[in-house]
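Here is a short report on one chain. It moves from a helix to a sheet, then to the chain as a whole.

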Amino acid sequence: MKTELLYKQWEILGLLLSLLSAMGLSQHTTPSPQQQQRGKIRFRLAGYPRKHNEGRIEVFYNDEWGTICDDDFSMENAFVLCRHLGFVSATGWAHSAKYGKGTGKIWLDNVQCSGSEKHIGDCKSRGWGNSDCTHDEDAGIICKDERLPGFVESNVIEVEEDRVEEIRLRPIVASAKKRNPVTEGIVEIKYKDGWTHICDIGWTPKNSQVICGMMGFPMERKANKNFYKRIKKQAAKAKSKIIGSGNRVKSKSKFKSKPKIIVGTSSGRRLFTERQENTYRIHSVACTGSEVHLSVCPLQFYKANATAPCEGGMPVVVSCVAGPQFASGNGQKKKKATSLRVRLKGGAKTGEGRVEVLKNNEWGTVCDDRWNLQAASVVCRELGFGSAKEALTGARMGQGMGPIHMNEVQCTGNEKSIWNCQYKNITSENCQHSEDASIKCNIPYMGYENSIRLSGGRTQYEGRVEVGTSSNGTHQWGLICGEGWSTKEAMVVCRQLGLGYANHGLQETWYWDSSNTTEMVLSGVKCTGNEMSLSLCQHHGNNVNCKRTGSRFAAGVICSETASDLILNAPLVQQTAYIEDRPLHMLYCAAEENCLSSSAAKANWPYGHRRLLRFSGQIHNIGRADFRPKLGRHSWVWHECHRHYHSMDIFTYYDLLSLNGTKVAEGHKASFCLEDTECQEGIAKRYECANFGEQGITVGCWDLYRHDIDCQWIDISDVKPGNYILQVVINPHYEVAESDFTNNAMKCNCKYDGHRVWLHNCHIGDAFSDEAEKRFEQYPGQLNNQISS
């Protein structure tokens with residue numbers, strides 16, 4: 001409505017101006033210098049990566065192109081600017097130079113529009129050319145891809161013919177073409193309907209660093225340029241022999257492709273040259289090495305009438321170093337991974353997630369203030385990936401728990417670690433976990449998605465899993481045995497296909513039987529859930545062993561773009577733990593739900609008591625989707641004793657372990673009544689168990705199980721005094737999809753002296769460093785109950 005009203009206002013204004021002009025009234029008005037300057041103002045979108053209706057907003061003012069700072073930027077600003085560009089409205093805006101840093105002046109700062117202004121100059125601002133920003137803060141806009149009717153202004157998006165968009169490495173060695181990832185080859189740029197080259201004259205390692213980052217590699221290495229020069233000479237000689245022979249043709253255009261050139265050496269027999277003439281469009285590239293894309297680097301395009309482009313040079317060849325996860329020999333992978341002080345959590349794909357850093361042996365998050373592609377790229381390369389595709393703000397990969405270690409991170413892009421960048425420490429007022437920073441990195445192309453597919457589903461996100469096999473030179477598709485198939489395997493399939501998180505791993509798929517594929521080709525598949533491809537999981541190999549034959553028992557998946565993420569409030573467990581000796585006559589309902597140890601069955605009911613270790617449990621959903629029970633209401637079980645429906649068979653395990661990991665006592669929620677007890681400010685409760693209501697935990701809410709309710713305990717009646725580990729595991733059988741299962745366990749050191757209990761060092765299972773976790777496991781126990789000064 002707002003867009004239509006503004007458009008009507010513009011339309012009426014245009015009619016009035018036309019009427020005034022026709023009456024001759026406007027001819028007597030002399031434009032002011034400001035109005036004359038306004039007439040010369042133009043707008044354009046620039047940067048990379050972007051579509052035609054988005055980009056860094058640039059303004060041509062006072063005969064010079066410049067940018068707008070993101071301070072105080074808003075949707076209303078974007079609305080006014082999109083109309084300048086001929087679009088009906090705006091759908092979003094971007095900060096922190098998402099589309100790359102501009103050059104020249106920063107013409108406007110602290111711009112504040114209401115959205116109804118006819119010109120950006122009518123909005124509040126510091127004034128033209130008055131800014132305290134850097135180009136790290138250049139604003140971008142995303143316009144609705146719908147043009148204003150009859151828009152004839154000159155300030156439309158400038159579509160440059162010379163643009164750098166898609167880039168690839170084309171290997172020259174024939175054997176390298178069959179391997180992924182491709183780490184070395186000629187750099188080719190997509191141009192119009194074909195591919196072109198970059199002239200290597202003046203090419204530097206910093207330029208190669210940028211190309212490698214785009215290809216998903218953390219660093220470059222020196223390529224053997226002489227090797228490629230020899231190939232070029234051999235190709236040139238072979239070409240001259242062919243043209244100089246009697247097999248001449250009237251036109252070169254009749255050659256559909258150049259012949260293979262066999263080089264004289266034995267190793268050289270695997271080499272062949274390009275199938276078309278070398279064409280050059282780009283030269284004089286001058287990257288600093290920190291750019292996330294070649295288009296951001298200074299470079300020049302050869303003009304169409306250039307007589308001898310790249311004379312004395314050859315196509316640029318780049319060689320890259322693959323990160324540990326993608327290198328063929330990754331024997332040092334584990335050693336390197338343990339020394340890292342940064343990690344990614346909550347991402348569906350390899351190379352993406354919430355950024356977490358290690359400080360004082362405890363993992364914490366990074367605040368998104370001033371978070372940009374340069375800082376994101378430092379993290380990506382540190383983890384063995386390429387440069388960053390996106391620097392995400394606003395907890396786009398879910399919220400973390402615990403400390404926030406960094407704020408206002410500023411990197412040049414060339415640092416070896418995020419810890420080498422400038423940053424500020426956090427105070428509680430600075431940041432909340434709703435501002436956690438996350439990233440998406442460039443990763444090498446591995447071709448994993450080509451070896452697997454889904455069939456029969458209602459959408460692309462679901463279906464029966466089919467894997468490609470080769471036999472006698474023919475490619476065919478086969479099914480996977482559904483026995484043992486679980487959420488973990490489904491997680492790998494969804495990741496491999498780029499379909500997000502696994503909602504369900506299905507063992508029967510008779511309702512998706514729409515394919516001609518019927519043969520089982522894989523069985524016994526077991527994954528950890530972290531693999532990039534199903535081929536990296538354990539399985540039976542060529543000996544398929546499937547008890548339930550028939551395509552109806554084939555494995556299937558349902559994927560989702562978002563998922564929940566449950567995490568237990570560990571400090572609350574530590575604060576609320578105590579021992580209660582509870583009379584047996586008050587435990588009949590608990591016994592019915594198997595909340596007591598097995599020895600309770602032999603007790604002299606209703607006389608005597610059971611000793612219970614009690615504590616409160618507060619379970620937060622910090623993911624990006626509501627946590628819902630796997631089963632629908634028709635499968636819920638009514639428990640008369642406790643007067644509510646149970647929506648899951650097993651939701652939480654409570655265990656007391658000896659220091660060597662042996663279970664000495666256990667308790668568990670046989671099933672849970674899931675509901676929103678409390679929520680963060682601004683989030684409304686959605687789930688309530690009462691009156692057969694919907695069950696679940698909303699994003700940003702938590703379900704509280706107080707220490708004084710039934711089954712919120714471990715029965716330790718048979719436990720001897722000593723030092724133990726208390727362990728709580730949420731969603732232990734992965735029944736419901738989560739973006740991160742590694743944070744589902746919580747552990748505490750526990751000392752029991754036969755009368756009292758003390759809990760210490762309660763923490764989420766992956767909250768500490770490996771070194772701190774080892775100290776936790778070797779904890780000798782609290783020697784007294786005195787607090788040392």
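## Helix H3

The buried residues of H3 are Asn77, Ala78, Phe79, Val80, Leu81, Cys82, Arg83 and His84. Buried here means under 20% relative accessible area, exposed means over 50%, and partly exposed lies in between, with a 1.4 Å probe and protein chains only. H3 spans residues 75-84 and is mostly covered, with eight of its ten residues buried. Just after H3, Gly86 adopts a positive phi of about 95 degrees.

Helices (H or I, at least four residues) and strands (E, at least two) are DSSP runs, numbered from the N terminus.

## Basis of the model

This is a predicted model: local features need pLDDT of at least 70, side-chain atom pairs count only at pLDDT 80 or more, and totals for chains, interfaces and linings use all residues. Residues are numbered from 1 along each chain as its sequence is written, and side-chain values use heavy atoms, leaving out hydrogens and water.

## A three-stranded sheet

Three strands form an open sheet in the order E28-E29-E37, with antiparallel pairing. Two strands pair if DSSP finds at least two bridges between them. Strand E28 (578-583) and strand E37 (713-715) are the edge strands, and each pairs on one side only. From one strand to the next, the twist averages 35 degrees. Axes for such angles are lines fitted to C-alpha atoms, for helices over the stretch in contact, and angles run from 0 to 180 degrees between N-to-C directions.

E28 and strand E29 (residues 609-614) run antiparallel and are joined by six bridges. Ile579 has Leu613 in E29 as its bridge partner.

## Glu580 in strand E28

Strand E28 also holds Glu580. Which side chains does Glu580 meet in polar contacts? One is Arg582, at 3.0 Å. Another is Arg614, at 2.4 Å. A polar contact is a pair of N or O atoms within 3.5 Å; within protein, one must be able to donate a hydrogen and the other to accept it, and residues adjacent in sequence count only if both atoms are side-chain atoms.

Leaving aside neighbours within four places in sequence, Glu580 is in contact (heavy atoms within 4.5 Å) with Arg610, Arg611, Leu612 and Arg614.

## The whole chain

The chain has eleven helices and 40 strands. Of its 789 residues, 49% are buried. Among contacts with a separation of 6 or more, 71% link residues 24 or more positions apart.

The accessible surface comes to about 39,600 Å², and carbon and sulfur atoms account for 49% of that surface. Accessible areas come from the Shrake-Rupley method with a 1.4 Å probe; for residues, only the protein chains shown count as cover.
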